[in-house]
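Here is a short briefing on the structure shown below. Please read it with the model open.

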Amino acid sequence: MPIFRTRFLLLSSCLLVLAGCSSVYKNLKPAEGNVREIKKFAPDFTNVLYKTEVDVVGGHHLSGLLLIKTLPDKSVRMVFSNEMGFKFFDFEFKPDGGFKVYYIIKQMDKRPVIVTLQKDFELVMMRKQNPETGYMRQDNSFLYYVFPQEKGANYYITNQAGTELIRIERSSDRKPVVQAIMHNFHDGIPDTIGISHKNFKFNIGLKRLKR
Amino acid sequence: MCRLIFIEENIKDVEFGAVRFPPLGGCREGFDPRLTPTSSFPKEGIARPVAHLTFYKLLLFFCIVFGSAITAQAQHAGYTQLSDLTKFKQQFAEVAAKTNSIKSDFTQEKNLSMLSEKITSKGKFWYRKPNMLRMEYTQPFNYLMILNKDNVYIRDGQKENKVSTRSNKVFKQINKIVVDCIQGTALNSGDFKSAVYENKGTYLVSLSPVNKQLSDFFKTIEITVDKKDYSVNTIEMLESSGDSTILHFTNKEINANIPDALFAIK
């Protein structure tokens, strides 16, 4: 009996491990469509101001204003400062895919922090998504525009008709590590943007301000 | 602000470009220990320690604490430097002694030089001796900050934050500075190099931090003071990047009756 129990436990553990390793995307089926079409949801950040909330582990909260402006050379500048004018960071996303930090306060000036912010915003701006390697998938409810990355892939998920952006996911091979939403587009600019990390608490919420 | 969140030791791992942070405690928005002002005002060419200074002292330190930065412009167009500050100091002191409260509207402009962009916000400002301050932003967002003696309260949308200056070193410092200013002992340190200029209608007090901790964040703070009543018209904080934040005070009411409730922290 103990032998059976041990084997049962071993077997169960193996199954659990296997289940744990399986991808949440494994049941997606091939779909027709052009991955390039997802670009219609790429936000047009000509000149927009967002009230910004950042929540981090331990209930910590950071708020301020995020100005996003596209300059004449097509680079996108992003300046985050608090309500009283204190600047947290000033980033530039260049048209050739380059990225420049013009300013960041010392407390945030750590590579992992900068890379995280860079990747999060590139995800919502739909930058660095190579349509050549991209492909389409679907399940019963949604269409998935998939863009493989160095590690994992980015998933832009729309309704079946491809007319509404449901959510965005940056994923490992198995599961999402970042989820993002963009809602209520007006003139190509989403009124609401949310970015949420799954492995630790790091959430960014943007609400467009009328100026 | 985010000092505890982003310090290197707190970053455990990076996965798919993401950062892992361990649970933390005690971080508050908007306050940075590195910005802790150690003492205070200028040692030369500046107004004497007078109570009225607490008005812009408070502002100044909130600007510092909440951030904001400043720049010393080499030249002040239309202004000439005061060589003898006696009159300025004396009159400022007289007015300051009589100023118990200030109520004002304000407009804040954040100028982003490289983006040729200006972010404007508006609100109301209340100050009362000895150390009570309320700044309420109403456009284009709602944000409230109250300083009342040992406590600071921030309401940002639905979120509320309270900080006791007793348990928080930064606010303890601020509190000390406020009291020092009121008592007139704060102006003897050398944290700022200062100069006073004048034109027809205003004085311009220029403060440049000599302390590296402060000068990392701003180059100069420039305060314009109305010659008519020695009240503060603007406070401009200039960053080394060329960006700046300026507060314009309008509809000023000196010694208006300000109810306690406005400074109440529940």
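Chain A has two helices and 13 strands. Helices (H or I, at least four residues) and strands (E, at least two) are DSSP runs, numbered from the N terminus. This is a predicted model: local features need pLDDT of at least 70, side-chain atom pairs count only at pLDDT 80 or more, and totals for chains, interfaces and linings use all residues. Residues are numbered from 1 along each chain as its sequence is written, while chains are lettered from A and ligands numbered from 1 in the order in which they are written.

**Chain A**
- Buried residues account for 35% of the 211 residues in chain A. Buried means 20 or more other C-beta atoms within 10 Å of a residue's own, exposed 12 or fewer, and partly exposed in between, with C-beta atoms placed from the backbone.
- Asn184(A) lies in strand E11 (residues 176-186) of chain A. Its phi is positive, near 50 degrees, and it is not a glycine.
- Asn184(A) is exposed, with 11 other C-beta atoms within 10 Å.

**Sheet of chain B**
- An open sheet of 12 strands runs E3-E10-E11-E12-E13-E14-E4-E5-E6-E7-E8-E9 in chain B, with antiparallel pairing. Two strands pair if DSSP finds at least two bridges between them.
- Strands E3 (80-81) and E9 (159-164) of chain B are the edges, each pairing on one side only.
- Seven bridges join antiparallel strands E5 (residues 117-128) and E6 (residues 132-139) of chain B. Lys124(B) has Glu136(B) in E6(B) as its bridge partner.

**Loops of chain B**
- Gln139(B) and Pro140(B) are joined by a cis peptide bond, with omega about -5 degrees. Pro140(B) sits in the loop between E6 and strand E7 (143-148) of chain B.
- Ser116(B) lies in the loop between strand E4 (101-112) and E5 of chain B. Ser116(B) has a positive phi of about 45 degrees.
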